[in-house]
Amino acid sequence: MRRRDRRLIMIAVGGVTLLAAAGLMLTGLSNRITYFYGPTTLAALATPPAAEIRLGGLVEAGSIVRGEGLVVRFSVTDGAATIPVTYEGTLPDLFGDRQGVVIEGTMQPSGIFVARHVLAKHDETYMPREVVEALRASGDWRGPEPLEDQ
Amino acid sequence: MTVELGHFALVLALFLAALQAGGTWWGLVRGNAALARLAAPAALAQFACIALAFGALLLAFATSDFSVTLVANNSHTDKPLIYKLAATWGNHEGSMVLWVLILAFFGALIAYGAPRLPQDLKLRALAVQGLIGAVFVLFILLTSNPFLREAIAPFQGEGFNPVLQDPALAIHPPLLYIGYVGLSVAFAFAIAALWKGEVDAAWARFVRPWILTAWAALTIGIALGSWWAYYELGWGGWWFWDPVENASLMPWLIATALLHSAVVTERRETMKSWTVFLALAGFAFSLLGTFLVRSGVLTSVHAFANDPARGIFILGILGLTLGGSYALYAWRAPLLKSHAVFAPISRESALLFNNLFLTVSAVTILVGTLYPLVLEMITGDIISVGPPYYNATVLPLMVPLFMAMPFGPLLAWKRGDLPGVARRLMTVTGITVGGLVVGFALLQVRDGLALLGATLGIFIITGAAKDIFDRLQLNRISLRRSWNRVRGLPRSAYGTALAHAGMGILIMGVACAGNLRSDEVAILGPGETVSIAGYDVRLAETGELQGPNYIAEFANFDVFSESRLVRRLQAERRFYPAEGQATTEVGLHATLFGDLYVVLGDRQGDTDRFAVTVAIHPLVRWIWAGALMMCFGGLVSASDGRFRIGAPRPAKKATTKREVEPA
């Protein structure tokens, strides 16, 4: 086998791998990303997305209701709109009134957001950047300017 | 006073680093040998200055000197001393000082720890190191000065994030920095080689231990972070594909590729420009990781106080590094001629295959990490690219790589015999198929990914054992003579086998813990029991306790297996008043084949009943055990005697027979 042929084989193998990887990335990015919504944008949608999304905002003061067993009901607000949420499971340590939260789950046609996972944040001053953006968009942001999302 | 002394020492280090870079460069260009030789003493003096600065900072933290803003913001008198010290690098400013301290230490090591390193290479590498040091010390002084004082010192500090008050996390950043900064040494040597216009076996022999050490430190650093997340964050996750984790995984993948391509460069004097390319990329990825973590452009659970000015500064360093080093590469890399040729089936090709998949994986992760940024800039949509993307892209790329792992070390250099290697792997394949049957039929595992991962893991582990077995000629010569061969094998052979087997163990752990996890959630009062996977977990008692700097609700659990008490566990919910934060301490019953993981949840109203989560994580320990073994393998390889003896002299090299290719 000549040197040029060998080089060709290697370039071909490399090219095929790169193409396969590019294909994987494109399908991955088109199907497997999670969109983030604030309560106002989510409430404004005529038909909520069927796929799993992230919802971020503040836990509305006084909205936490612990029901049967491990089911917890609460509302997430950005001041302008409020979305009711149900969740079954153990909550993160710092969950409470007026805490910033990011919740993964699906929006039901009934208008209730069923949470699969409440993302744990471990710092009482921590505010996810998406939540800050959502709050600022609705004019309910009372934090420092410019944003300091430690 | 010591704080001002530290501040002054850091400023002095800036000038010494600038001298090390500029003076050496000028001396080399102008042929002024005396000026160029200043590089070594400058590197040592720079190290001494930064060590002084870091020492001053440590002292300020140890004595809780709250007149220093950084200490006031990140420490508290109630904290145990070890965490006061760990707080020094638990924040942005202090961690950057640690970063340059390690850089300067490595600089001093290059200057005085490698007597056989050719002078022209050493001086050039030191000049590049000096430049990196100067830029980073400047970055600290301009945007992240740790020595600033408060006008009025507060009586008490603001505390230190309690989830970070943990032994594993105290040493996690220094290990990662040894990795990142070790990659900067490879970068400096790569620039030096481009500057000189020559890469030879000697170059590769001096760079390889650095790469191996950096890689070993990165491996164990990442593993410690994952272990910490597992027991501290309270839901048993050990990898989240968080941007900050990706920021450490990308340099790790590049470093893994680099350590393999450097083998080819050392042994066969080929793939030279590729090795240099990777050495440049490794450091660029380290810088990118630093940028992602420190600039706050991405949302992550890893909190660092962010400041746009820092982000822009680091972006500037990244731009200069990428632009400068790759411009130099484009100009000088054609000088790095490789003469040796190899067949498509050979050890070289196997290592090239490894490099291809590792770098493509790193790029895939890079795309996933940066895509949200780009999309937000273009469309304004805020998205997150999560585990589903990475699982769908990185896993398919890893499978062929893992399948090839046992083949690589058995293939001959230049021209390998694939059917022959396949025959030698017959036993290995047999054991692997046996393992698959055991998993499917005896252990009743029905999860495809878990079976695939476990099978690949067994294949890799037995393949690594087979490599050593064959090298010792265990079944061909007498045991006594095999025993004599044990000491004769190069350490790099053991290192390879250990690291590969470690990877196999890690894969088995990841596949099983990731796919076979089970959990139960229950509301328990004292005396009540929840059952999972043959364990009965009974809540024995609950109460409150007072720790050194926290108060906690706790619950004691009795764990029964077949009605026999096997373990008493305590799970806690802690509250740290100084920081106003709560944490979860899980109860763990760890065994070789899986962990029982007990989390204390919310108290139900005013009763003494609690929500309790119990989970089984099969083979989860294997993840970190495998990583530890990989790290050990890397260090064994790095200690190989031939790296210290140095490279063959040019005279010897000239006699090496080169394959002449028919035109």
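Author: Start where two helices of chain B touch. A39(B), A40(B), A42(B), A43(B) and Q46(B) in α3(B) meet L123(B), L126(B), A127(B), G130(B) and G133(B) in α7(B). Two residues are in contact if their C-beta atoms, placed from the backbone, lie within 7 Å. Sorted by class, the residues of this contact are seven nonpolar, three polar and no charged. Here Ala, Val, Leu, Ile, Met, Phe, Trp, Tyr, Cys and Pro count as nonpolar, Asp, Glu, Lys and Arg as charged, and the others, Gly among them, as polar.

A word on the source. The model is predicted: local features need pLDDT of at least 70, side-chain atom pairs count only at pLDDT 80 or more, and totals for chains, interfaces and linings use all residues. Residues are numbered from 1 along each chain as its sequence is written, while chains are lettered from A and ligands numbered from 1 in the order in which they are written.

Now the geometry. Helix α3 of chain B covers residues 39-62, and its axis is 10 Å from that of α7(B), at an angle of about 35°. Axes are lines fitted to C-alpha atoms, for helices over the stretch in contact, and angles run from 0 to 180 degrees between N-to-C directions. Helices (H or I, at least four residues) and strands (E, at least two) are DSSP runs, numbered from the N terminus. The crossing of α3(B) and α7(B) is left-handed. That word applies if the near helix is turned anticlockwise from the far one by less than a right angle; clockwise makes a crossing right-handed.

Helix α7(B) has another partner. Helix α7 (residues 119-143) packs with helix α8 (residues 167-196) of chain B at an angle of about 125°, and their axes are 8 Å apart. The two helices are therefore oblique to each other. Angles under 35 degrees count as roughly parallel, over 145 as roughly antiparallel, 65 to 115 as roughly perpendicular and the rest as oblique. The crossing of α7(B) and α8(B) is right-handed. On the α7(B) side, the residues in contact include L121(B), V128(B) and I132(B). On the α8(B) side, they include S184(B), F189(B) and W195(B). By class, this contact of α7(B) with α8(B) has nine nonpolar, two polar and three charged residues.

Next, look at L103(B). This residue sits in helix α6 (residues 92-112) of chain B. Is L103(B) buried or exposed? L103(B) is buried, because 27 other C-beta atoms lie within 10 Å. The cut-offs are 20 or more such atoms for buried, 12 or fewer for exposed, and partly exposed in between, with C-beta atoms placed from the backbone. Leaving aside neighbours within four places in sequence, L103(B) is in contact with Q129(B), I132(B), G133(B), F136(B), V181(B) and S184(B). Take the last of these contacts. L103(B) and S184(B) are 81 residues apart along the chain, yet their C-alpha atoms are separated by 8.0 Å.

Last, compare two loop residues. M271(B) lies in the loop between α10 (243-268) and α11 (272-295) of chain B. Its phi is near 55°, a positive value in a residue other than glycine. M271(B) counts as buried, with 25 C-beta neighbours inside 10 Å. Q444(B) lies in the loop between α16 (426-442) and α17 (448-471) of chain B. Phi of Q444(B) is near 60°, a positive value in a residue other than glycine. Q444(B) counts as exposed, with 7 C-beta neighbours inside 10 Å.
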